[in-house]
Every structure is written in C-alpha cells, then in structure tokens.
Amino acid sequence: MAKYLFFHLSLVMFSFTAIALANMQASYGGDENLPTFGTPPICPEAEAIVFSWVQTAISEDPRMAASLLRLHFHDCFVNEILIQGCDASVLLDDNENFVGEKTAAPNVNSLRGFEVIDAIKSEMESVCPQTVSCADILALAARDSVGLSGGPFWKVEFGRGDSISASKSAAQNNIPGPNSTVATLVSKFQNLGLSLRDMVALSGGHTLGKARCASFSSRLQANGGSPNEGANQEFIESLKQLCSAPGSSSTLAQLDVVTPATFDNQYYINLLSGEGLLQSDHVLVTEHYQTREIVETYAIDPVAFFEDFKQSMVKMGSLKPPAGTQTVIRTNCRTVS
C-alpha cells in the first residue's frame, strides 16, 4: 500500500489531490462542514499552499509525514510562563537572547521538516504578507500529513500567534520522553489540560515514523521483567540485532513495523502483540488498566481511534499562551521578525 501511494502521488498528483480532498470532506461530514481551500478570509490561499507543499514533501520522503506531525506536537507541549502552547517556538534558532528548543534532548538530531516549513512560509509571505503565523502553518502541516497518509482530516482554526522567545529547558522538562511511565505521561498531558484518553489517542501518532536505537536502548538491556514484561521476545531480539553494531545509536527502527507509512490503528494492534517500540508505548498495555482498555478499543475500532485522534489534535492545537502574552506573525519562522 505504501509503495502504491508513493507511486500514485508521483505520477497522478492531481488525481490524488482530488481523493485527499474527498477524504477531507468525508471526515468533516459533508459539503456544509468542509473548510475548502480559501476558508480563512485573511488569506484564501493558505490551506492550498500548505497542502501542496506537504503533499510534495511526503511524495519525496514518506517519513516526512511523521516529522511534520511531530513538529506540531513538540511545539504545543512546551509550557513555560511566556512560552506556552502552539506558538512556533520550536522553530526558532538560537540567538543572543535565548537558547532555543532545537537542541533540547527530545529534539536534537531528531526533529525534521524545518526546511518544509521554511518553504511554506516563503510562499505564504509572497501571497499574504504577515498574515498567517508559523504556528498556524505547523497545525495545518500536521493535519495534512495525517490525512495524506491515510488518516483523518479535521478543521484547523486560524489565529495562533508566534512566540518571540524559546526555551531549551522548557522543552526538556515538558515534552514526554521515550522511557516515560504511564504516570509521567498522564502528568505531562494533564498539565496542559489533556486527558488520559487524549494521551492514548495522540500516542497513536506513532503509527508513523521511526525512532533511533538510543530512544529504546533501555529495552535492549533488560533481561526479562520490566521494562520488557509482556513484550514479544522475538521482536526484542530483532531490535537487539538491529542496534548491536558499534555506533548504532542513531540507527532507525520503524515505530510501526507492519504499516510504517500509513496512518491507521496498527500501532495499537502492535502494542497488544507486545511489539511497541518505545517504552512509553509499551507501558500503555502493561502499567495501567484504563490505558490498556483504550488501546484495546482502538485496536478493534479504527473509526473510534480516528474520531478521538481528531478531537485530541484540535484540543492540543488550541493550546495557547496566557492572555496578554506578546506574540507576532513572523516573516521568517526561524527568527523573531
């Protein structure tokens, strides 16, 4: 399926756009709810610009879908006094006033897709100068990445502002790590007003993308028991083999080995089979009965997963700085301007 989608994107781009838009319409429930390209009155071309660039990026590199989704997630999860919510702080380069988020432990040598956002912003500024924020672009790119990979589309509201600062420490302290326990995950999500169900639904984003051996090394060192209790031992052995070579800490493994480039509910099926890659994935079925029950629901009901994922993405995407916090619309997403 992934090869077919890649081939189809490459040779019949226009037809695939029509299919994607049809899926978007179905996801909204009809013409009356479909935010057609041109919905934002401040820039009628905004959604078309983002969609086109994301479509091209994924056709050239299917992994980019996961990368753009992750950029939005890591942006929204930073929570500090003046840097909160979805404010594009993750895109800022270091400067004389602050050390930004790109070199924080959850992001360094890991976040990708900055050049795609740069390209989108460049065209956006030429069409609608100082109108659409980098934060709104991140939200749109995440939505389109999911939809173009076979997942649902949802309505993205506009109006986010761009932060004038960034914080490496805030990114390190707030973004959930790959070895997180359920208690840690719940705490970090609840700090942002997101529920346990939101956490399990948004974890489903791991149906796309890859992770470095360094991200799950704790699982490879265990000899039975936690953190591998309930794991598929053949799966663990395959990971040990993949990551055994010297210097393999940056070697990549698929988060979903079955349908790695398709947004579906296979991630949850994998968890129940003991084939969750990250420790923070595996614990959803081993540490907490409520999270396991939600995983079981999503594993047998992809529609329920898609609906909850859409709602949770809208909820997460609505996180914003406190009233009165200064924001701007950057003309360059990497700098305050």
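**Helix 4 and helix 6**

Begin by selecting residues 64–76, which form helix 4, together with residues 134–148, which form helix 6; in this predicted model the axes of the two helices come within 8 Å and cross at roughly 140 degrees. That angle makes helix 4 oblique to helix 6. The crossing in which helix 4 passes helix 6 is left-handed.

Next, display the side chains where the two helices meet. On helix 4, select A65, L68, L69, L71, H72 and D75. On helix 6, the residues that make the contact are L138, A139, A141, A142, S145 and V146. Which classes of residue make up this contact of helix 4 with helix 6? Nine of the residues are nonpolar, two are polar and one is charged.

**The disulfide of C76 and C86**

C76 belongs to helix 4, whereas C86 is found in the loop between helix 4 and helix 5; the two cysteines are ten residues apart, and the pair links distant parts of the chain. The torsion about the S-S bond of C76 and C86 is about 115 degrees, so this disulfide is right-handed. Are C76 and C86 buried or exposed? Both are buried.

**The disulfide of C43 and C128**

Now select C43 and C128, whose sulfur atoms are 2.1 Å apart and form a disulfide. C43 is located in the loop between helix 2 (13–28) and helix 3 (46–60), and C128 in the loop between helix 5 (114–127) and helix 6, so the pair ties together parts that are 85 residues apart in sequence. With a torsion of about 80 degrees about its S-S bond, the link of C43 and C128 is right-handed. C43 and C128 are buried.

**The disulfide of C213 and C243**

Show the secondary structure around each cysteine: C213 is in the loop between strand 2 (210–212) and helix 10 (217–221). C243 is in the loop between helix 11 (233–242) and strand 3 (252–254), and the pair, 30 residues apart, links distant parts of the chain. The angle about the S-S bond of C213 and C243 is -80 degrees, and the link is left-handed. C213 and C243 are both buried.

How many disulfides does the structure hold? There are four. When the bonded cysteines of the protein are numbered in sequence order, their pairing reads 1-4, 2-3, 5-8, 6-7.

**T291 in helix 14**

Select T291 next, a residue of helix 14 (residues 289–300). Its relative accessibility is 0%, and T291 therefore counts as buried. To see what surrounds T291, display V182, L196, M199, V200, V283 and L284; these are its contacts once neighbours within four places in sequence are left aside.

**The whole protein**

Finally, return to a view of the complete chain. The protein has 15 helices and four strands. Of its 337 residues, 54% are buried. Among the contacts in the protein with a separation of 6 or more, 74% are between residues 24 or more positions apart.

Methods. Residues numbered from 1 in each chain as written. Predicted model: local features only at pLDDT ≥ 70, side-chain atom pairs only at ≥ 80, totals over all residues. Heavy atoms only, no water. Axes fitted to C-alpha atoms, helices over the stretch in contact; angles between N-to-C directions. Parallel < 35°, antiparallel > 145°, perpendicular 65-115°, else oblique. Left-handed = near helix turned anticlockwise from the far one by under 90°. Contact = heavy atoms within 4.5 Å. Nonpolar A, V, L, I, M, F, W, Y, C, P; charged D, E, K, R; others polar. Buried < 20%, exposed > 50% of the residue type's maximum accessible area, 1.4 Å probe, protein only. Disulfide = S-S within 2.5 Å.
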